Amino acid sequence: MQNAAQHKTVSDATDQCEIQSIQVKEDYNSHEIIGQSRKMREVFELVSKVSDCDSTILLNGETGTGKGMIARAIHQKSKRRNKPFISINCGAIPENLLESELFGHVRGAFTGATCSKQGKFELADGGTVFLDEIGDMSSDLQVKVLKVLEEGEFEQVGGAKSIHVDVRIIAATHRDLSEEVQKGNFREDLYYRLYVIPLMLPSLRDRKSDIPYLVSHFMELSNQKNGRNVQEVTEDALQRMTNYSWPGNVRELKNMVERMVVLKGNGSITAQDLPVELKSSHRFEPSTTIEISDEGICLNSAVTEFEKALILQSLEKTKWVKNKAAKLLHLNRTTLVEKIKRHHLQPCNA
Ligand SMILES: Nc1ncnc2c1ncn2[C@@H]1O[C@H](COP(=O)(O)OP(=O)(O)OP(=O)(O)O)[C@@H](O)[C@H]1O
Ligand SMILES: [Mg+2]
């Protein structure tokens, strides 16, 4: 898949199905949320619908699916965009510090509290508080967060005065919160108070059609960031990336592309350059029953993939002896060699 060619594919697809992306400004960098699959288009649609209201949003999704990015996008599309967006990772801060981080403390509230300090809720007044990994919050703190959600009020640690704030809350978790409620690990009242607008981010393996766009995007970003000039990711490499299960989702893909771009420097990223877990990932299995999803199917690329899968199968069956593989496919050797070149095929361990 050549860089230029790939862009052509991207713009062709734009003509047909309009690639969706949301620009997110974070610090001084501009990040784009990429996604043209049906599932991501639904996410973008929901983001547009809910950004300009104050309802609480509960983002759910596996690690690396973009919960943090979407939370920021919602804030930046909202009327609160010129006020702070304050993010706090409830799972990363020790429980005894988290209360003071969220609500602040008065002077002398505990040993070491030599002066009073404002908490994140106060600092975010007028803006958005992003409670990341809320499923990891202790039950005591859950009660206090519930109070902010219901009354917009809280007290600083050691303080008696109620402080009123105007914040929108976006919460995120990779856990199944309803299951955590059943197990008694998460308060039911807080769960329902958060569950006003649930937004589920799909895993990457559930939206494989986004992979080529993400690869192209991250390849360009990494070229720019690292002063590299990688031109293409071959079809074979891309096929293997598409077949992989991506347990770390988009983050894993992004880091992998960056690593390959840095190490390769220029030219093409081929199947050889992939990490071992992708080299051994299952390949496209030709099947006579290909399902046409709601998103439709591009006949030309489906036929190309089918041809490629059959050629690969015959080559593997014959241990890459091209004469034998050509015979299996009822082709002459020269035609097979041409097709191998065109599809950038090569043996896995060559
Ligand atoms: N759709 C996307 N388009 C472009 N980049 C994305 C997309 N989704 C995620 N990313 C990138 O992947 C990385 C992980 O995203 P993010 O931190 O938002 O995920 P997360 O769901 O919050 O993960 P975690 O649960 O581990 O906190 C980030 O570098 C982000 O820029
Ligand atoms: Mg996150």
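Which of the 16 residues around ligand 1 come nearest? In this predicted model, where local features need pLDDT of at least 70, side-chain atom pairs count only at pLDDT 80 or more, and totals for chains, interfaces and linings use all residues, they are Thr 63, Gly 66, Lys 67, Gly 68 and Val 250. Residues are numbered from 1 along each chain as its sequence is written, while chains are lettered from A and ligands numbered from 1 in the order in which they are written. A residue belongs to this shell if its C-beta atom, placed from the backbone, lies within 6 Å of the ligand.

As for where the shell around ligand 1 comes from, β2 (29-35), α3 (67-77) and α11 (249-264) each put in at least two residues, with the largest share, 4 residues, coming from β2. Helices (H or I, at least four residues) and strands (E, at least two) are DSSP runs, numbered from the N terminus. Domain 1 (1-18 + 204-282) and domain 2 (38-200) each give the shell at least three residues; the domain bounds come from an automatic or database domain assignment. By class, the shell holds 4 nonpolar, 9 polar and 3 charged residues, with Ala, Val, Leu, Ile, Met, Phe, Trp, Tyr, Cys and Pro counted as nonpolar, Asp, Glu, Lys and Arg as charged, and the others, Gly among them, as polar.

Helix α11 also contains Leu 263. The C-alpha atoms of Leu 263 and Val 230 are 9.9 Å apart, with the two residues 33 apart along the chain.

Over in helix α9 (residues 211-226), the buried residues include Ile 211, Tyr 213, Phe 218 and Met 219. Gly 227 follows α9 and has a positive phi, near 60 degrees.

Then there is the sheet. Its 5 strands form an open sheet in the order β4-β7-β10-β3-β11, with parallel pairing, where two strands pair if DSSP finds at least two bridges between them. At the edges sit β4 (85-89) and β11 (197-200), each pairing on one side only. Strand β3 (residues 57-60) pairs with β11 in the parallel sense over 4 bridges, and Leu 59 stands opposite Leu 199 in β11.

How values were computed:
A residue is buried if 20 or more other C-beta atoms lie within 10 Å of its own, exposed if 12 or fewer, and partly exposed in between; C-beta atoms are placed from the backbone.
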